[in-house]
2 protein chains.
Amino acid sequence: MLLVQKFGGSSVGTLDRIRACARRCVETRAQGHSLVVVVSAMKGETNRLITLANELLGPSGAERGAKGPYVNAAGGEDRAYQRELDQLVSTGEKVSASLLAMAIQRQGGAAISLVGHQLGMKTDRVFTNARITSIDRGRLHAELDAGKIVVCAGFQGLDPEGNITTLGRGGSDTSAVALAAGLRADACEILTDVDGVYTTDPRIEPRARKLDRLTYEEMIELASLGAKVLQIRSVELAMQHGVPVHVRSSLNNREGTWIVSESVRNLQAPVVRGVALDRNEAKVTLTNVPDVPGSVAQIFGALATSGIVVDMIIQNASRDGSTDVTFTVPEKDLERSVQQLSTLPLVAESSTQILSDAAICKISIVGVGMRTHAGVAARAFEVLSRDNINIQMVSTSEIKVSVVVDERYGELAVRSLHDGFGLDEAT
Amino acid sequence: MLLVQKFGGSSVGTLDRIRACARRCVETRAQGHSLVVVVSAMKGETNRLITLANELLGPSGAERGAKGPYVNAAGGEDRAYQRELDQLVSTGEKVSASLLAMAIQRQGGAAISLVGHQLGMKTDRVFTNARITSIDRGRLHAELDAGKIVVCAGFQGLDPEGNITTLGRGGSDTSAVALAAGLRADACEILTDVDGVYTTDPRIEPRARKLDRLTYEEMIELASLGAKVLQIRSVELAMQHGVPVHVRSSLNNREGTWIVSESVRNLQAPVVRGVALDRNEAKVTLTNVPDVPGSVAQIFGALATSGIVVDMIIQNASRDGSTDVTFTVPEKDLERSVQQLSTLPLVAESSTQILSDAAICKISIVGVGMRTHAGVAARAFEVLSRDNINIQMVSTSEIKVSVVVDERYGELAVRSLHDGFGLDEAT
């Protein structure tokens, strides 16, 4: 088999951990598999480099850092700055790739590290958040054919001019899936410090169980559970190319969670697969919005222009020629959203008011079977009402029911739903 | 003018120093010059990376470190290891290049960092000690034409297969000279923490003076003075391509020392230009060597095979069919040299004995004029004898007289010669 294995920043965080990764690589190779390994930077290294850049730039540089160096601001100077930031932070993965290759050699394996131009991973021109466009497989195949374990620096690529780009936080997962897709690997293993994806966060519900299989769609909807173990963009890429992804522990050899296409998953599996909690949303309501064409477009157009991603949107039925529009945005964008909206002609020229609430959270139940099973939403509402949890917003998709509730009830709601849908029972 | 400026590891050792370099770059650009900057890794960074590699490899890795990770040992595993070492340590210069480019941008300058494949610096395949073979000027010219300050990661290149190579310790000087040669720059400025090249080491002779001009040949012979400020290989490259090199302080704007071809240097300049002290040599004597063809070839052939560089060689006149051969080797290679020689048939089968002495040092007086001035060597011997310094070995070249003396008299010999040739007097 041809396997792609990705080791995250904690897995290569110390020299001891790197040696442990090397042992695992040598064992995998000894089982007869061809092996491509993708590594992140050693834990803390990316932040060290970003801190250097921020300190270098002084007070206003630190401000820039505060809103996150990965915010893609417009303007020439910023683009030049972001180019340099990518050239800078991409060194972190290069260091861990060389160290892992050395450690594998030390343990008797044949290994070579490949970075940037050697790897031939081409991307678009979006510094700090690029997308992979193609992979040159020539060098990779040559090294694999020579029997070597190929260790690739994750998180980075080259734009058409040869500038270094990075793929955004967690981009090494995307590197791994892209390599698995490009090489038609049999599986992409994401090795991490947890055993797999759970039915819900075990810190909230101790009875949470590890899932054996999930579909790509379910994993995407369970983003808040999965985000800690793999980048969602990588799941989308895996779905697009049909790459089987295996999320498992780097510390043991137990099977983890397979993320596969629906046809592969056992159709007898329960309808609801997991419960996800997202605390990082905030709610905005615009009251008395004139119910005329263009009102809603004006609101969401303004937010989109500012790069604010709106999640749930609810518009109540019109009453007296006006309506209320409620939606959620990332909590970190709440202040900016309210500022943006208050400058709208719509708000300035009518009796529209802006209300906002950061003390909310979103709970989602996810499962592919849902689209053919009536009553899942009704069951969820009943479970929550039994525990006196008030539902502020509801949104449904074919494989998901999300509700917004008061932040204080978030964990209770997770436990209620986990229990109510029997997720703690063995399959 | 088109200038290439090289900043060493101390000059970019802290964020404050990087900001100071950036100011200097912006000022140089404001004077209307086109500017290519070459940077070393931040002081300590290369050692940090090498230490990581050594610790990773454990006890025998540390041994490998002890004899220096830059020793080019034979064997496949070592070559794979050295490849990874180059991939690893080359990240240090990439980090400082990005940081300096950011700092220049911050101060209002236009700058871009170029690394590896972007720079197109091609080398041979000798990992850890590669030689530059060619430079793609396309991207460099494009960025210069766009008015940008181009900041290049020094010390590294790419072999024909695209593997990263490094140029050996101090290789950033060579990068700078190679870029200056490739771009036909008007000068290559080596910015360092001293004011230039001195007539001798000021810590030994406080009356040492800064030299305004030196020829390439003089600089090469004054290696032990120059090695602290620039790599000798870079001077050879500058001589080959006629690149004027200007060694000067990064902390002030004073003129430093120009290293130029003989025709440019003032022919009225004094005969002796500088006195160099080398403490890192050891002396080996083989007594009673049979005076037959092939004896000497056997000795130096064995040492060359072991990669030991022999400096001075003296063979006395033959007496009773045998002779004594004395030579110097680097002190660190003394033990290995003696071991190597003791296995020779010559030694095993005759009455030849091996004597060695590490407690010696070599003092050299250097100056281009020497070749047309008789009596310089005689004057040197007289000066030394006046201070009762016994001369153990003598070697002369067209522009140099070197003597080997007891280590204890090294500094006294330097002061005697510095004074004896009037080097403390203003030109």
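**Exercise 1. Symmetry of the two chains**

Which rotation, with what shift along its axis, superposes chain A on chain B?

Solution. The model is predicted: local features need pLDDT of at least 70, side-chain atom pairs count only at pLDDT 80 or more, and totals for chains, interfaces and linings use all residues. Residues are numbered from 1 along each chain as its sequence is written, and chains are lettered from A and ligands numbered from 1 in the order in which they are written.

Step 1. Superpose the copies by least squares on the C-alpha atoms of residues with pLDDT of at least 70 in both. A rotation of 180 degrees with 0.1 Å of shift along its axis brings chain A onto chain B, with an RMSD of 0.1 Å.

Step 2. The two copies are therefore related as by a two-fold rotation axis.

Step 3. The C-alpha of A:Thr91 is the one in chain A nearest the axis, 2.9 Å from it.

Step 4. The same surface serves both copies, since 100% of the contact residues of chain A recur in chain B.

**Exercise 2. The largest nonpolar core**

State the size of the largest nonpolar core and name the residues with the most contacts inside it.

Solution. Step 1. A residue is buried if 20 or more other C-beta atoms lie within 10 Å of its own, exposed if 12 or fewer, and partly exposed in between, with C-beta atoms placed from the backbone. A nonpolar core is a set of buried Ala, Val, Leu, Ile, Met, Phe, Trp, Tyr and Cys residues joined through C-beta atoms within 7 Å.

Step 1. The largest such core has 105 residues, and A:Val37, A:Leu100 and A:Cys152 have the most contacts inside it. Its largest share, 8 residues, comes from helix 4 of chain A.

Step 2. Beyond neighbours within four places in sequence, the contacts of A:Val37 include A:Phe7, A:Cys25, A:Leu100 and A:Cys152.

**Exercise 3. A lysine in chain B**

Is B:Lys362 buried or exposed?

Solution. Step 1. B:Lys362 lies in strand 18 of chain B.

Step 1. B:Lys362 counts as buried because it has 24 C-beta neighbours inside 10 Å.

Step 2. Not counting residues up to four places away in sequence, B:Lys362 touches B:Asp278, B:Glu281, B:Thr328, B:Ser402 and B:Val404.

Step 3. Strand 18 is also among the elements that cover the buried residues of helix 15 of chain B. Those buried residues are B:Ala413, B:Val414, B:Ser416, B:Leu417 and B:His418.

How values were computed
Contact = placed C-beta atoms within 7 Å. Helix = DSSP H or I, 4+ residues; strand = E, 2+ residues; numbered from the N terminus.
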